[in-house]
Amino acid sequence: MPTSRRTVAALAVSALLLPLSACGSGSDGGGPGGASGKIGGDITFQTWNLRANFKDYFDGVIADFEKKHPGTHVKWVDQPAEGYADKISADAAGGTLPDVVNVSPDLVAPLARAGLALDLGKAAAKYKKEYLAGAWASHRIPGMTGTYAFPWYLNTGPLFYNKSLFEKAGLDPDRPPKTYDDLFADALELARKSDGKVATLANVPTIEDFGRYGVELMNKQGAAFTFNDAKGIQLLTRYKELYDAKALDPQALTATPESSGRKFLTEAVAMNPGSALDLGNFKKQAPNLYKNIGITDQITSTGHVNMYVMGVMVNSRTRHTAASVAFAHWITDAEHQMSFARKVAIFPSTAGSLDDPYFTKEDGTDETRVRIAAAKSLKNAINYTPVLFSEQMKTALRNEVAKALQGKESPKTALDNAVKACNTLLRQQG
């Protein structure tokens, strides 16, 4: 599942700027009949690494759609996680982009700028009220009017912590950190009491972390990055203190979400973000950890947790706009999002769905507790990663953060350099 996939390859924007041989009937997104015309024709629907686990689900959803709309045929293709962005880029440049495409906000941005993503704010405005406001807004592009994908499934998760490690350090295992001040103080104490053997965190700060800390990531026009402000410098300075004290894992500079998860699983780090999916893994792979697992909320200075969002985009060059819009809406409507959410630990983006008893009624299990807490927080959650923050920009920030943590640059110099690099890349995009 690509629910919290943070490291997809960047779309090759230069490829999108090549002359595009449209596979449809023009660039206005009309197609025969337009979005409100007769629903019919053959369309292709592309997902992102979902066939292996959810074939029966999607086969059923497609069959029901075709039954409701005789004369419509949906061909489903599924692409592997590895190289997904590159595949979209190649299809966009070659004029072979499918009619309906599973995207994340950062993937839809260059497609929208190249005129390849249908503006659903116009073509499907009547459906806007069906979705959570924050989810609908997640596929808007700074500098452009419109919305370029239907929101699909969401994810967020709590912070897990190891109660046993907290207790050994003399910290109250039932009072985990609630603020950044608490987090940094507890982390330093855990490192001190364990002589640097137990780190609290295993990841360097990402753009999402700067957002949750309350840093202004971009200017109001969305034309330049600004995360090198006083608050951003303060966050990186505090991470540098953790790194020096071994409260931040020494291997954090090269860590991935998977390697950080393994560190937590083997009780080498005391805290790690996760989701309800992880509890089953803990139970099976690390029963001692599961016995001592603590669950607390994401730490944020803004009052809004971070959410990851997936979307479903309609190709503006499709020959069958009405069928493509109808199917993109069908797969993301409340009924189908709820049925999908019951099969895997994700959350629907449709308004009112998070009030379903499945997301509100306790049954005494940790899994349900995590699901209920996450659903509650998602109602006003934010996707902190800017839509225009490309993979190259993530790399530029990560490289500069590493220099600051290693003492090669001051936090201010590192963030100034990162912002400069990201703004240069931003200008190249536009």
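Me: Is glutamate 267 buried, partly exposed or exposed, and what is its relative accessible area?
Reply: Happy to start there, keeping in mind that this is a predicted model. Glutamate 267 sits in the loop between helix 11 and strand 6 (271-273). Buried means under 20% relative accessible area and exposed means over 50%. Glutamate 267 falls in between and is partly exposed, with a relative accessible area of 24%.

Me: What is the phi of glutamate 267?
Reply: Glutamate 267 is not a glycine. Even so, its phi is positive, at about 65°.

Me: Where is lysine 246 placed, and what is its phi near?
Reply: Lysine 246 belongs to the loop between helix 10 (230-244) and helix 11 (257-265). With a relative accessibility of 44%, lysine 246 counts as partly exposed. Its phi is positive in a residue other than glycine, and the value is near 65°.

Me: Is tyrosine 131 buried or exposed, and at what relative accessibility?
Reply: Tyrosine 131 is in the loop between helix 5 (120-123) and helix 6 (133-137). Beyond residues up to four places away in sequence, tyrosine 131 touches a list of residues including Trp136, Phe150, Pro151, His329 and Gln337. Buried means under 20%, so tyrosine 131 counts as buried at a relative accessibility of 4%.

Me: How many Å apart in space are tyrosine 131 and lysine 240?
Reply: In sequence, tyrosine 131 and lysine 240 are 109 residues apart. In space, C-alpha to C-alpha, their separation is 40 Å.

Me: How many of the 12 residues of helix 14 are buried?
Reply: Helix 14 is largely enclosed by the rest of the structure, because its buried residues number 12 of the 12.

Me: Which residues have the most contacts inside the largest nonpolar core?
Reply: That core has 122 residues. A second, separate core of 14 residues includes Ala202, Leu279, Ala286 and Val370. In the largest core, the residues with the most contacts are Phe58, Trp152, Phe227 and Phe327.

Me: Within what arc do the buried residues of helix 18 fall?
Reply: Helix 18 (residues 411-429) has buried residues including Leu415, Val419, Cys422 and Leu426. Seen down the axis, the buried residues line one face of the helix, because they fall within an arc of 160°.

Me: Which exposed residues are on the face of helix 18 turned away from its buried side?
Reply: Helix 18 has 19 residues and reaches 27 Å from its first C-alpha to its last, close to the 27 Å expected. Turned away from its buried side is a face with the exposed residues Lys420, Arg427 and Gln428.

Methods. Residues numbered from 1 in each chain as written. Predicted model: local features only at pLDDT ≥ 70, side-chain atom pairs only at ≥ 80, totals over all residues. Heavy atoms only, no water. Helix = DSSP H or I, 4+ residues; strand = E, 2+ residues; numbered from the N terminus. Expected span 1.5 Å × (residues − 1). Buried < 20%, exposed > 50% of the residue type's maximum accessible area, 1.4 Å probe, protein only. Arc of directions from axis to C-beta. Core = buried A, V, L, I, M, F, W, Y, C linked by side-chain atoms within 4.5 Å. Contact = heavy atoms within 4.5 Å.
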